[in-house]
Amino acid sequence: MKTKLGLIYGGKSAEHKVSLQTALAVIKALDMNKFDIYPIYITEEGAWMRGEKLSGPAQDVKELELNNSGDEVSPLSFNKELFPTEQSGEQLDVIFPLLHGPNGEDGTVQGMLELLNLPYVGNGVLASAAGMDKVVMKHLFAQAGLAQAEFVAFIKNDWEKDSEAAYKEVEEKLGYPCFVKPANLGSSVGINKCNDRAGLINAFKEAFEFDRKIIIEEAIIGREIEIGVIGNDEPSCSVVGEIAPKKEFYDYKAKYEDGDTDLIIPASISESEYEDIKEMAIRSFKAIDGSGLVRADFFLTNDGKFLINEVNTMPGFTPFSMFPLLWKHAGVEYPQLIEKLVQLAIERHEIKQQIKHTF
C-alpha cells in the first residue's frame, strides 16, 4: 500500500518562500508509486489550506500556493476531519512539516501533531523549540560541555529601558567585530556583522524587528564546517561540508538569491578532526533530544579547535542545499533521504505509542 503523506509548508515566518522551495523539491523527488501526497499550505496570514491529492509532481511554487484552490481548515479542530484523505475521513499515515522559522519549526506545529497523535517527520516539540531559540540552545550546549563562541542576549523590553547598558555589555564582554541575530529566526534573516557602536545600534534595531529576543556573538576567525545528522536514538553522521562565502558572512542573499558562496563537499579535514566533529554533532543532537534530522554547524578555528555554532532542526532541504548534498556524498540520494526520514518518523511514533500514560 502507498504511504499517505501530508506535506505542510508555507507558514507565517519570514522564511515562507524558502519553505515553498523546499516543498516543491520534495514533491518532485517523491516516488508516487510509493506515496500519495496531500498538500497542506499555510498562507503568510496564517490560514491553513488543504489541497486535493496530487496527481503528479508540481512544476512551480505557484501551484503550491492554495489560496484560491484549497479548502480552508482549522488546525485547532483536533479531530480526524483536519487531515482526511479524499472523502473517506481516513487519516494520513505521516506528516512532513516542511516549515522554516517560527510558527512551524519551533515546536508549535509539532505540538499540534502530537495532540492529533499523528506521526510526523523531524524533531519533536522540545528539540524544535530549543533548536529555534538560539539562546536556549546555547545554554543546553554549555550544559553538555560543548565548546562555543561567547555570547550575550537581550529582550526588547530591557533594551528599550536602557539601551546604553546593553551596548556597553556587548563591548565589554565581546568587543568588535560581533554578530547580532534574532534569537528565533533562521536562513540568516536579520543578521548583521558589527564593527563599531554605530553598526551595533543599527543591528539591534533591525534584529528586534524580527524578534523580541536577540543574541550577540563574538566573531570567530575560522572555517565554517557543517555536518548532517539523521536518526532517533542511534543517530549517524554524513560527510562534512564547508561554507566558503565570498562575502563577509553567509547571509540570506548568498544562501538563496545570488549563489555567491562555495559549498565544498567533502571539506578538507583530517580523520581525527572528522571523528571530533562527529562526536560533537551527536552530542549536540542528544543535548536537544533530537530526532529525525539536524544539520550541525561549527567553526574550525585556526588552532584546530571546533566550536559549535548551532543546530538547525529543519535545515534547507532542496537538492542543492547543504544537508541533502552532505548525505548525497555519503551515498544517500535525495529521494532515499526523504524516505529514510519518513520511516524514522513512523518508527518514533510506534515507540511512543508503547509508552503508558496512565497508572
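Tutor: Let me begin with a term: a cavity is a set of grid points where a 1.4 Å probe fits but cannot get out, and its lining residues have an atom within 4 Å of a point. Please keep in mind that this is a predicted model.

Student: OK, how many cavities of 30 Å³ or more are there?

Tutor: The count comes to two cavities of 30 Å³ or more, and the largest cavity holds about 80 Å³ of space.

Student: Which residues line the largest cavity?

Tutor: Its lining is made of Pro97, Leu99, Gly104, Glu105, Gln110, Val121, Gly122, Asn123, Ser128, Leu293, Thr313 and Met314. Sorted by class, the lining of the largest cavity has five nonpolar, six polar and one charged residues.

Student: And what volume does the second largest cavity have?

Tutor: The second largest cavity has a volume of about 40 Å³, and the residues lining it are Glu114, Leu118, Pro119, Tyr120, Ala345, Arg348, His349 and Lys352. Helix 11, which spans residues 334-353, provides the largest share of that lining, with four residues. By class, four residues of the lining are nonpolar, one is polar and three are charged.

Student: What about open spaces, say the second largest pocket: which residues lie nearest its centre?

Tutor: Of the 20 residues that line the second largest pocket, Asp233, Asp289, Gly290, Ser291 and Arg348 lie nearest its centre, and the volume of this pocket is about 440 Å³.

Student: Switching topic, how do helix 6 and helix 7 cross?

Tutor: The axes of helix 6 (residues 163-173) and helix 7 (residues 197-210) come within 11 Å and cross at roughly 120 degrees, and the two helices are therefore oblique to each other. The crossing of helix 6 past helix 7 is right-handed.

Student: Which residues make the contact?

Tutor: Helix 6 contributes Glu164, Ala166, Tyr167, Lys168, Val170 and Glu171, and helix 7 contributes Arg197, Leu200, Ile201 and Phe204. By class, this contact has six nonpolar, no polar and four charged residues.

How values were computed
Residues numbered from 1 in each chain as written. Predicted model: local features only at pLDDT ≥ 70, side-chain atom pairs only at ≥ 80, totals over all residues. Heavy atoms only, no water. Axes fitted to C-alpha atoms, helices over the stretch in contact; angles between N-to-C directions. Parallel < 35°, antiparallel > 145°, perpendicular 65-115°, else oblique. Left-handed = near helix turned anticlockwise from the far one by under 90°. Contact = heavy atoms within 4.5 Å. Nonpolar A, V, L, I, M, F, W, Y, C, P; charged D, E, K, R; others polar. 1 Å grid on protein atoms, 1.4 Å probe; cavity = no way out; pocket = protein on both sides within 12 Å on 5 of 7 lines; lining within 4 Å. Points joined across faces, edges and corners; volume = space filled by probe spheres on them.
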